[in-house]
Amino acid sequence: MADLSDPERFVLLSEVGATLRLIQGEDDPPELIQQHGVLLFHAYHFWKEGQPFYQLETGVVRYLVETGPGLEEWTPSLPGAAGYLQLPQHLFWVPGGEDTPPESLDGFFWSAPDGENVSLLLTMGMRWDRPGLSVVPLPTLPLTAAGEWAAMAVRPDGQDFQSSLPGSELENLYAVEAGAEAVKLAMRVFWYLDTFPGSVADGIRGPEEGGGPRPSSLDSRRVVLGDR
């Protein structure tokens, strides 16, 4: 039986290879095949799980970044085998390089089909003026280490998520400068969903309710500040 739980083995399946050849553009560099393969891995498990889509409100994310969770009694648990966590629009930015501008972090796919290890895929660069998106796959991690990652101090100066982008202080924007910061943020979201199940509500908050543009045509589970 084919192993669908490991991203690297998933890409080697003949059916996946055939699909990737259809996706691959004629002028795409060969190294993009790995990114396409990991994206297909997460898209498959997202579909298989029923397309769980969580939209995080700004207050929840600011609480997780600035206050931090209490992890003493948390036994790491995920809200499902796969899904997507969408961050508030343009709140987190990934710094660019000399020839690349910063990109807004839209959110994360997560996949944990074996229930023991979790894989994350960052998605960013969702813009009206161009098609597609940028993706960054992160290493698969054991779920038992989720609490350690959520509590980890990533930057040497202790200023995780602090942004140095010009003007970021005006809107209190955040930055994700390393994969470890992205893992830390995702694990904190998992802690919140597990600890405060009453904070999850069905339905997307529309512009008339002060929630901004509709993030997706998919059904959404809105995550708000709430009680246990």
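**Entry 1**

I'm working on a predicted model here.

I started with helix α4, residues 58-66, and helix α7, residues 179-195. Their axes come within 10 Å and cross at roughly 115°. By my cut-off, α4 and α7 are therefore roughly perpendicular to each other. I also checked the hand, and α4 goes past α7 in a right-handed crossing.

Which residues make the contact between α4 and α7? From α4 I noted Val60, Tyr63, Leu64 and Val65. On the α7 side I found Leu185, Arg188, Val189, Trp191 and Tyr192. I sorted the residues of this contact by type and got eight nonpolar, no polar and one charged.

**Entry 2: α2 against α3**

Next I looked up helix α2 (residues 14-23) and helix α3 (residues 32-48). The two pack with their axes 10 Å apart, at an angle of about 120°. That makes α2 oblique to α3. The crossing of α2 past α3 is right-handed.

For the contact, I listed Val16, Thr19, Leu20 and Ile23 from α2. Helix α3 brings in Ile33, His36, Gly37 and Leu40. What is the split by residue type in the contact of α2 with α3? I got five nonpolar, three polar and no charged.

**Entry 3: salt bridges**

I then went through the charged pairs and found four salt bridges in the structure. One of them joins glutamate 57 to arginine 222. The closest N and O atoms of that pair are 3.4 Å apart.

Where do the two partners sit in the chain? I placed glutamate 57 in the loop between β1 (53-56) and α4. Arginine 222 belongs to strand β10, residues 221-223. With 165 residues separating glutamate 57 from arginine 222, the pair links distant parts of the chain.

**Entry 4: confidence**

Mean pLDDT for the protein is 84, and 89% of its residues reach 70 or more. The stretch I flagged is residues 205-211, where pLDDT is below 50. In the model, that stretch still has 12 contacts beyond near neighbours in sequence.

How values were computed:
Residues are numbered from 1 along each chain as its sequence is written. This is a predicted model: local features need pLDDT of at least 70, side-chain atom pairs count only at pLDDT 80 or more; totals for chains, interfaces and linings use all residues. Side-chain values use heavy atoms; hydrogens and water are left out. Axes are lines fitted to C-alpha atoms, for helices over the stretch in contact, and angles run from 0 to 180 degrees between N-to-C directions. Helices (H or I, at least four residues) and strands (E, at least two) are DSSP runs, numbered from the N terminus. Angles under 35 degrees count as roughly parallel, over 145 as roughly antiparallel, 65 to 115 as roughly perpendicular and the rest as oblique. A crossing is left-handed if the near helix is turned anticlockwise from the far one by less than a right angle, and right-handed if clockwise. Contact means heavy atoms within 4.5 Å. Ala, Val, Leu, Ile, Met, Phe, Trp, Tyr, Cys and Pro count as nonpolar, Asp, Glu, Lys and Arg as charged, and the others, Gly among them, as polar. pLDDT is the predictor's confidence in each residue, from 0 to 100. A salt bridge is a side-chain nitrogen of Lys or Arg within 4 Å of a carboxyl oxygen of Asp or Glu.
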